[in-house]
Amino acid sequence: MENWQRKWETTNKGGITTEYFPEVRERLHTKINLTQNFTTMVMGRGNIKSYLHRFKIIDTSNCPCGNGHQTMEHILLECATLQEDRERLIAEVAKTGDWPISKDMLIKKHYKAFAKFTKKLMKLRKLIHKKNISGRATREETSERAFFSYMKRRNNHCKYQL
Ligand SMILES: [Zn+2]
């Protein structure tokens with residue numbers, strides 16, 4: 001499993017870049033919508049606690065579901081919050097092969113199901129807000145928000161839809 005995670009996180013070097021997607025689009029005859037959640041899962045940068053923690057934006061990488069660090073592996077394979085959505089994705093993948101599957105194959109063969117799954121990363125955000133009953137942003141949320149508005153400004157010029 002560790003191997004698999006390393007593979008997932010280093011696949012970018014093997015060529016999952018923006019140039020990669022037009023080729024996939026051709027093959028699948030579908031629009032590829034590079035949403036923030038999708039690129040977060042694929043590129044490993046963005047709104048994932050392990051990433052934010054690595055850059056010291058937040059103090060802990062624990063997932064609000066309480067079952068460990070919020071890495072991409074956790075989100076895809078373990079996170080209780082996304083259990084239902086994962087089952088749907090696994091059912092789709094299982095029609096033609098084994099689970100878990102490489103990132104490359106998830107995108108190439110199961111783009112639609114995978115994109116649908118990445119949309120559900122929203123649930124992880126909601127979980128944090130629901131827990132914050134005081135209505136005030138915690139220190140962690142405040143620094144996360146500041147970070148993302150910074151990233152958004154920085155990335156605005158390279159927003160695109162394929
Ligand atoms: Zn979790």
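## A buried threonine

Thr81 is buried, because 21 other C-beta atoms lie within 10 Å of its own. Here a residue counts as buried with 20 or more other C-beta atoms within 10 Å, as exposed with 12 or fewer, and as partly exposed in between, with C-beta atoms placed from the backbone. Thr81 sits in the loop between helix 5 (72-78) and helix 6 (83-94). Along the sequence, Thr81 and Asn67 are 14 residues apart, and their C-alpha atoms are 9.9 Å apart in space.

## The model and its confidence

This is a predicted model, in which local features need a pLDDT of at least 70 and side-chain atom pairs count only at pLDDT 80 or more, while totals for chains, interfaces and linings use all residues. Residues are numbered from 1 along each chain as its sequence is written.

The pLDDT is the predictor's confidence in each residue, from 0 to 100. The protein averages 77, and 67% of the residues score at least 70. Helix 6 has the highest confidence, at a mean of 96, and helix 1 (residues 2-10) the lowest, at 62. Over residues 157-162 the pLDDT is below 50, and this stretch has nine contacts in the model beyond near neighbours in sequence. Where pLDDT is low, the predicted coordinates should not be read in detail.

## Overall make-up

The protein has nine helices and zero strands. Both are DSSP runs numbered from the N terminus: helices are H or I with at least four residues, and strands are E with at least two. Of the 162 residues, 19% are buried.

Two residues are in contact if their C-beta atoms, placed from the backbone, lie within 7 Å. Among contacts with a separation of 6 or more, 57% join residues 24 or more positions apart.

## Helix 6 against helix 7

The axes of helix 6 and helix 7 (residues 103-119) come within 9 Å and cross at roughly 175 degrees. The two helices are therefore roughly antiparallel, a label for angles over 145 degrees; under 35 is roughly parallel, 65 to 115 roughly perpendicular, and the rest oblique. The axes are lines fitted to C-alpha atoms over the stretch in contact, and angles run from 0 to 180 degrees between N-to-C directions.

On the helix 6 side, Asp85, Arg86, Leu89, Glu92 and Val93 meet His110, Ala113, Phe114 and Phe117 of helix 7. By class, this contact has five nonpolar, one polar and three charged residues. Nonpolar covers Ala, Val, Leu, Ile, Met, Phe, Trp, Tyr, Cys and Pro; charged covers Asp, Glu, Lys and Arg; the others, Gly among them, are polar.

Lys116 also lies in helix 7 and is partly exposed, with 14 other C-beta atoms within 10 Å. Lys116 and Leu89 are 27 residues apart along the chain, with 8.4 Å between their C-alpha atoms.

## One face of helix 3

In helix 3 (residues 36-43), the buried residues are Asn37, Phe38, Met41 and Val42. Seen down the helix axis, they fall within an arc of 125 degrees, so they line one face of helix 3. The arc is taken from the directions from the helix axis to the C-beta atoms. Their cover includes helix 5 and helix 7.

## Backbone details to look for

Most residues other than glycine have a negative phi, and most peptide bonds are trans. Lys56, in the loop between helix 4 (49-54) and helix 5, has a positive phi of about 60 degrees although it is not a glycine. Lys56 is exposed, with 8 other C-beta atoms within 10 Å. Trp99 and Pro100 are joined by a cis peptide bond, with omega about 0 degrees, and Pro100 is in the loop between helix 6 and helix 7.
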